[in-house]
Amino acid sequence: MRLWLATVFAGVSVLTAGVVYLFGDRPRVVLGAIGIGVIAGFLIAAAIAKRVERLANAAGKMAAGSFDAPLESGGLDEIGDLARALESMRASLQESFGVLTADRNKLEAIFDGLTDAVIVVDQDGALRFSNRAASKLLDPLGRPPESMLPHLKRAHDVGFAAHPALRIGDRAYAMSARSLPKERAVLVVARDRTDEMRRELAEADFISNAAHELRNPLAGISSAIEVLQEGGKDDPEALEHFLGRLAEDAERMNRLTKSLLTLARVESLGTGEIEEVDVAVAIRDTVEAVETPRHIELAVEVEPELVAKGDPTLLRQVMVGLLTNAFKHTPLPGRVTVRGRRDGKREVILEVIDTGPGIPEEEIERVFERFYRRDESRKQEGFGLGLAIARRMVSVMDGEIGARSVEGEGSTFWVRLPVAQPSPTPVA
């Protein structure tokens, strides 16, 4: 650039000298020559300033993180060289930032796809990063929950902190926090263990109840065998009595084992074979499969052309179980009604209504738990597995099962299934 400027100023000097030579050294001529030189210098300075300003603007955009607009690199002087160097740097930075942005987007997609909550907070507790799963843990201002703060402080002080089941609201989280010294932050990973812990408790309760139910008949068998070994077998009446008890306890264990196997099979089911089920045919088959006790009136009420989506085999098992329970808990004389009806345009409801003693409101949901039996039910044969099996079967059919009851008036157990359009050959 210095050579270029020197050439220009030399040309201006020659031009001035020529004017003076041609027109003499009169003051007016000299002043005119000087004016020409000043104007030429001003134009040259303005051109240089404009090019430098463009470079400064381009550098400012790059500093702000914008690398999209290319730089004009005209000119063979030093300013042109600088423009070409900046353009090369811009292209390199654009490529590098593109790679970094793509990697960042991949990491964000990975973190957002995690079911575990991931949170990074500053040492003062200010949120620096969180994934989608963490949104339900943060308050409206984006701050971690209060119960987590002591663990964050401990992780900052000693490097690590953990809790197997930290209570946050009505949920329990397995949480670990690790200090990031270079980042001056703390990384938190929290996994919702609420459903897992409920399953663990339910499984433990299931095993305990199953062991209890098996222990009773086993104790009876062991007691009967002991009596027979001590001489009871020599007494015909005692022998017949204890052999009868052995047969009863063995049958009870057999029925319990079958129920447990049925429950295990149902629990392992995925999606059932969803078909169109003619509700009238399904209810007719149910009524034919269960013998109606004497002095109990059975009524069947089904709306015409009622078709549901479900698994015919599973639905029949559910309805047989509900009808059997209704007969079992309805005192003589009584009435049991099996009803099928539409509930709006999208659902079908099948109901089994009895005139039994009813169920207290606080126990209605518990009757669907495994091994749950009310005090009145304990007088009847059974293990408290039937309704738990029925609930799982209905769930497989993408339906719902429930009950409503009024003590002293009776109970209604219902099954809700999606409605289907009638077909020429319905299945049941």
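**View 1. Arg284 and Asp285 meet through their side chains in a salt bridge.** The N to O distance is 3.5 Å. A salt bridge here is a side-chain nitrogen of Lys or Arg within 4 Å of a carboxyl oxygen of Asp or Glu. Arg284 counts as partly exposed because its relative accessibility is 46%, and Asp285 counts as partly exposed at 23%. Buried means under 20% relative accessible area, exposed over 50%, and partly exposed in between, with a 1.4 Å probe and protein chains only. The model is predicted: local features need pLDDT of at least 70, side-chain atom pairs count only at pLDDT 80 or more, and totals for chains, interfaces and linings use all residues. Residues are numbered from 1 along each chain as its sequence is written, and side-chain values use heavy atoms, with hydrogens and water left out.

**View 2. Glu183 and Arg128 form a salt bridge.** Their closest N and O atoms are 3.7 Å apart. This pair links distant parts of the chain, 55 residues apart: Glu183 lies in the loop between β4 (171–180) and β5, and Arg128 lies in strand β2. Strands (E, at least two residues) are DSSP runs, numbered from the N terminus. Glu183 is partly exposed at 47% relative accessibility, and Arg128 is partly exposed at 41%.

**View 3. Strand β1 (residues 117–122) is largely enclosed by the rest of the structure, because five of its six residues are buried.** Two strands pair if DSSP finds at least two bridges between them. Six bridges join β1 to β5 (residues 185–192), and these strands run antiparallel.

**View 4. Glu196 forms a salt bridge with Arg193.** The closest N and O atoms of the two residues are 3.5 Å apart.

**View 5. Five residues are linked in a network of salt bridges: Glu301, Arg339, Arg341, Glu351 and Arg404.** Side chains of opposite charge can pair when their charged atoms come close. A search of the whole structure finds 19 salt bridges.

Notes:
Helix = DSSP H or I, 4+ residues; strand = E, 2+ residues; numbered from the N terminus.
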